[in-house]
Amino acid sequence: MTTSNKPGAGKNSEVIQRQNRQLVLRLVKEKQVTSRIELASLSGLKQATITNIVNDLLGMGYLEETGLIESANGRRVVGLQLNLEKMRVLVVRITASYYAAGIYDVYGECLSVKKEFIDTYQDFEETSRSIIACLKKCMRGCSGKHFLGLGIVFHGGNPAFRDEYLKPQGEPEKSTRLHELFYNVFKMPVFVHKFGDMVAYYAWERKEREQEKVHTLVCLSVGYAVDCAVVSYGRVLPNRLDGYGEYGHVSIDYGGKPCQCGNRGCIHGFVSVEAVMGMVKEKSAEYPQSCLTDPENIREVIKAYYDRDPLALAIYEKV
């Protein structure tokens with residue numbers, strides 16, 4: 001199906017029908033349990049239109065009836081909710097040192113996850129094959145479930161995946177090699193985003209769920225990569241800084257240590273997980289009473305901080 005890209009072009013009935021179905025599903029997700037009457041009121045659609053859409057979604061298995069609930073006017077009506085047993089979402093998080101592949105429900109609840117450690121500079125093809133095999137194994141454990149899509153979230157600290165994300169492959173969609181590879185294997189919608197953008201959007205959506213209206217939210221995420229994102233009215237604003245131009249690779253000390261991006265004294269080199277682990281190795285001799293002799297991962301450093309380890313406390317203050 002194609003639609004006109006001309007300014008002011010109208011939308012055909014199929015496009016409108018899809019948009020109305022998406023609206024109804026979003027409203028049911030927000031309300032968790034609702035009714036046809038409430039959906040008509042919230043959506044502004046006619047009762048007959050809501051009835052048709054709900055019947056279609058029931059037939060597809062996306063919705064299910066819950067029995068009688070009390071409506072706003074006190075009448076008992078048939079309730080509706082999402083069929084969580086049917087719908088699943090595949091998610092992959094790719095960091096500088098590991099990937100985690102898992103299955104989630106539409107409310108973001110993790111149902112299962114598998115984690116594998118990787119080399120930051122490992123070959124893109126080799127790592128992709130490992131991720132694909134892991135996802136297929138996860139899916140085999142959910143036979144009979146419908147997967148709505150695959151979300152790929154990556155940290156800028158992994159150069160192999162960063163580069164494949166940034167390279168446009170086709171026109172007019174300008175999809176990346178990373179997107180195309182996973183779409184060709186799983187034949188489902190694939191969404192690729194940077195970790196910092198997703199952290200910001202999740203924080204904004206959580207505020208919405210708590211009825212705390214925030215028009216614009218600025219989010220700084222610090223971990224294996226350091227990134228900054230801005231959400232305005234529920235939309236992550238695009239930025240011109242991408243890949244090695246991400247926030248963590250802004251230089252704050254032009255005479256500082258060389259960074260993998262080619263600059264010196266980047267923020268990443270001061271506050272990222274990689275930086276913290278480097279500080280532990282550099283400073284361990286100065287703190288012989290510390291338990292951090294050779295930590296394997298950042299969790300050991302975090303635990304040491306809560307245990308009031310002197311080296312961990314010193315690094316925390318520095319960061």
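How many residues line the second largest pocket, and which of them lie nearest its centre?

Modeller: This is a predicted model, in which local features need pLDDT of at least 70 and side-chain atom pairs count only at pLDDT 80 or more, while totals for chains, interfaces and linings use all residues. Residues are numbered from 1 along each chain as its sequence is written, and side-chain values use heavy atoms, with hydrogens and water left out.

The second largest pocket has 24 lining residues, and Val 222, Gly 223, Val 273, Ile 298 and Ile 302 lie nearest its centre. (A pocket is an open set of points on a 1 Å grid over the protein atoms alone, where a 1.4 Å probe fits and protein lies on both sides within 12 Å along at least five of seven lines; lining residues have an atom within 4 Å of a point.) Its volume is about 580 Å³, taken as the space filled by probe spheres set on points joined across faces, edges and corners. Two or more lining residues come from each of α7 (195–209), β9 (216–222), α9 (273–283), α10 (298–306) and α11 (310–318). Of these, α10 gives the largest share, 6 residues.

The chain has 11 helices and 11 strands, which are DSSP runs numbered from the N terminus (H or I, at least four residues; E, at least two). Of its 319 residues, 39% count as buried, meaning under 20% relative accessible area with a 1.4 Å probe, protein chains only.

The largest nonpolar core holds 27 residues; Ile 94, Ile 131, Leu 135, Leu 150, Ile 152, Leu 178 and Phe 182 have the most contacts inside it. (Such a core is a set of buried Ala, Val, Leu, Ile, Met, Phe, Trp, Tyr and Cys residues joined through side-chain atoms within 4.5 Å.) Elements that each supply at least two of its residues include β4 (87–94), β7 (146–154) and α6 (177–186), and α4 makes the largest contribution, 6 residues.

A search of the whole structure finds 0 disulfides, that is, pairs of cysteine sulfur atoms within 2.5 Å. The sulfur nearest to that of Cys 134 belongs to Cys 138, 4.6 Å away. Cys 134 counts as buried because its relative accessibility is 9%; Cys 138 does so at 6%.

Terms used: Buried < 20%, exposed > 50% of the residue type's maximum accessible area, 1.4 Å probe, protein only.
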